[in-house]
Structure formats: structure tokens, C-alpha cells
Amino acid sequence: MLFWLIYNDFMLILGIETSCDETAAAVVEVKKGRFLSRANTVLSQINIHKKYGGVVPEIAARKHVKNIIPVIDQTLKRARVSPKNIDRIAVTTGPGLMTSLLVGSQTAKTLAFAWNKKIVPVNHLKAHLYANFLHNKKVIFPVVALIVSGGHTELILMRNATSFKKIGQTIDDAAGEAFDKVAQLIGLSYPGGPALAKLALGGDATAFAFPRPMLDADNFDFSFSGLKTAVRYAVEKSPRLTSPLKKNLAASFQQASVDVLVAKTVRAATVYKAKMLMLAGGVAANVLLRDTVTREAKKIKRPLLIPDFIFCTDNAAMIAVAGYFEKPVDWDKIIVDPNLEI
Ligand code: KG4
Ligand code: ZN
């Protein structure tokens, strides 16, 4: 393994990501173990799905079909890379929406066949963690990493760059899902996470004493459905959803979520004797979460990595980085799995 990593000291990887509602492609350069995103294109379908209050899988897949080739073409041009110089193609094979995954994987297979390239199947969740390798900062193992996305909330122990052990997860809603549902309760449109965070800026985080679910449980699991229900009761009890009330609801909910996420991550880091902490996934773009985990990591004297904002939400640069660590296969060995786990 070590020999293989040293031997492959320069590589250009084309990443392709279509697991949900973003059509994304990226070219990542790997040089002496460092990762540089040469071009990173994300075509979001948010405006299309907004009116339905969530992602409609059939529509998402159709838009991927329409956009995937132009997105890849544009990415290669922006990276100034010709297909003949691409060393391998990395593509998300799960978890995600079946029909969306199929568009990316079929495209990757076709290109791999036509260009005679190796292809690397990538687990989207691991890729979120690999977004932290785009910093060019040294990763020190063991790492305790928190993945917080629209579909997942998991604590992962990484003993090295290719070892992933799940040590905790949500028993109901994912953190991002809770942000989106609470945002909907207070009248914000999909995806509500970023809008809720913005609204919370003007609110009082102590206005509502929402629960901190499973904070004291003797494990590293999470639960967000009770917290979401507590917000719903508070909304139902209020005769009118005034602007100050909405801000206070948003701020109090956000604070409760962040308190639990950070406390459990820090506790896991101590218990598992982690030398470094990592944050990843769409909710890692949340500023309160970033600031709080930064402060708490300092208290326990552990370095922390958080991806740049553009690499927190779904993107293909993280898929390309993951493609460096995973094993390449022939194009006909690529199989998608919507329920793929870490
Ligand atoms: O990782 P991601 O882009 O897609 C999945 O793999 O699920 O995560 C999307 C989730 C959504 O639930 C979105 O509302 C949430 O990340 N999100 C945020 C913020 N930015 C994105 N949640 C809270 N605060 C944010 N700033
Ligand atoms: Zn994601």
C-alpha cells in the first residue's frame, strides 16, 4: 500500500457526483500526497425542487441526464486537461437516489470504456470526509470525524486514511433533515438549513429551552426527531408567527442541535484518544457549528479540520480525492447501491 501511494505521486482524477440534486464534476491533481482542485463544477437543481418542498427523484435524474456531459466538458476545459491526461475516473456509487446515481455511474462507465480508463467506485459518505484532504494540512490519525448531511449524521473513527469505523449515528432524522424540516415549520423554503442559519443570526438562542436529545446517553448516537417535534409544539402554541418569534425559534433550535453534535464529537474524541477532529457534510457549512467545534477542540487541545464552505455541500472534488484512496476496477464492475454504508 505504501509503495503504491509513493509510486503514484502525480495523478489527475476526474470526479463525478450525481447522488442527489447536484450535477457535479471536478478535476483534482494529486502531487506527492497533496490534493489540489483544478476545477470544481456544481450545477444545483435547488430552484427546480424548491416548489415541491424537497427533491423529486424522477425530475432530479432527468436533469442529471441533460446536464452531466456539459458539466464534465466544462470542468475539463476549466482545468485545462484533456481526457487523455486523466489517470482515472471516480464516481459516486452510493448512498443516494437510485436513478440519480445511475446517471453518474453510467456516464462514468461510458467514458471509462471510450477513453480506456480505470474507474473507482466511491462511497459518498467517505468522500465527505475526504473533502478535508483538500486543505493540504497534515492529517493526524486516529481521527474522530462527524459527518452531518441531509441524509446522515454519523461519528466515524479513522485509524488511517482508508479505515472507517462507525461509532455512532442518528437513530431517526439526520441533522440536515431536521434543519430542513424545522425551516419548513417556520415558513422557509427548501433546503431550509442555510436559510434557518441566516434567520438565527438575529434571534435569541435562549428564548426556547428546547431539549438536547441523547446528550447524556452513554453512547455516541444522536436523535433529532424529538427536538423537531418540540419546535412544532412551540409553533402550534404561538398564535402568530411574527418575525422576532421565527428568529428566536431558529436560533434556539440551531443552538440545541449544535450543542448535542459538538458535545458528543468531543466526548468521542476523548474516549477514542483521537489525535485530530474532523467535520464534514452539508451541515458543516453552518457557522455556529464550525465556531463551536473550533472552540471546543481547542479546549481539549486537538487540531481540527473543516472543509472550505464549497467542499462541505455536495461536490465532485471530494469524490475525486476519495478516488485516490479507493481501488480502481474495470468499468463493468461498477454497481450502484442507494443504501451503501460506511
Ligand atoms: O452534504 P449535503 O450537501 O447533501 C447530502 O449528502 O445530504 O447536505 C445537505 C444538507 C441539507 O440538509 C442542508 O439544509 C444542510 O446540509 N445545510 C445546512 C447549511 N448548509 C447546508 N444546514 C445548516 N446550516 C447551513 N449553513
Ligand atoms: Zn452529501
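Here is a short chat about reading a few features of this predicted model.

Me: Let's begin with the metal. Which residues coordinate the zinc ion (ligand 2)?

Reply: Keep in mind that the model is predicted. To read a metal site, you look for the donor atoms around the metal. Here the zinc ion (ligand 2) is coordinated by NE2 of H124, NE2 of H128 and OD of D314, at 2.0 to 2.1 Å.

Me: How are those donor residues spaced in sequence?

Reply: The pattern for the zinc ion (ligand 2) reads H-x3-H-x185-D. H124 belongs to helix α5 (residues 124-130), while D314 is in the loop between β10 (304-305) and α11 (317-325), so this pair ties together parts that are 190 residues apart in sequence.

Me: Why is the site of the zinc ion (ligand 2) called irregular?

Reply: You check the angles among the donor atoms. With 4 donors, a site counts as tetrahedral if all angles lie between 85 and 135 degrees. The angles among the 4 donor atoms of the zinc ion (ligand 2) are 95 to 136°, and the site is irregular.

Me: Are H124 and D314 buried or exposed?

Reply: For this you look at the relative accessible area. H124 has 7% and is buried. D314, with 17%, is buried too.

Me: Which atoms of N286 and D314 lie 3.0 Å from ligand 1?

Reply: For N286, a polar side-chain atom lies 3.0 Å from a nitrogen atom of ligand 1. For D314, a backbone N or O atom lies 3.0 Å from an oxygen atom of ligand 1. G176 also has a backbone N or O atom, 3.2 Å from an oxygen atom of ligand 1.

Me: Now the rings. How many aromatic pairs are there in the whole structure?

Reply: A pair of aromatic rings is described by the distance of the centres and the angle of the planes. A search of the whole structure finds 13 aromatic pairs. One of them is Y130 with F133, which is edge-to-face: the centres are 5.3 Å apart, with 65° between the planes. Y130 is buried at 0% relative accessible area, and F133 counts as buried at 9%.

Me: What about F222 and F224: why is that pair stacked?

Reply: The ring centres of F222 and F224 are 6.4 Å apart and the planes are at 15°, so the pair is stacked. Both F222 and F224 are buried.

Me: Let's finish with two loops. Where is T18, and what does its side chain reach?

Reply: T18 is in the loop between β1 (10-17) and β2 (22-31). At 2% relative accessibility, T18 counts as buried, and its side chain reaches the backbone oxygen of S100 at 2.7 Å.

Me: And K138: buried or exposed?

Reply: K138 is exposed, with a relative accessible area of 69%. You'll find K138 in the loop between α5 and β6 (143-148). From C-alpha to C-alpha, K138 and G33 are 9.9 Å apart in space, though 105 residues apart in sequence.

Key
Residues numbered from 1 in each chain as written. Chains lettered and ligands numbered in written order. Predicted model: local features only at pLDDT ≥ 70, side-chain atom pairs only at ≥ 80, totals over all residues. Heavy atoms only, no water. Donors = N, O, S within 2.8 Å, 3.2 Å for Na, K, Ca; no water. Tetrahedral: all angles 85-135°; square planar, octahedral: opposite > 155°, others 65-115°. Helix = DSSP H or I, 4+ residues; strand = E, 2+ residues; numbered from the N terminus. Buried < 20%, exposed > 50% of the residue type's maximum accessible area, 1.4 Å probe, protein only. Phe/Tyr/Trp six-rings, centres within 6.5 Å; stacked < 30°, edge-to-face > 60°. Polar contact = N/O pair within 3.5 Å; in protein donor to acceptor, adjacent residues only side chain to side chain.
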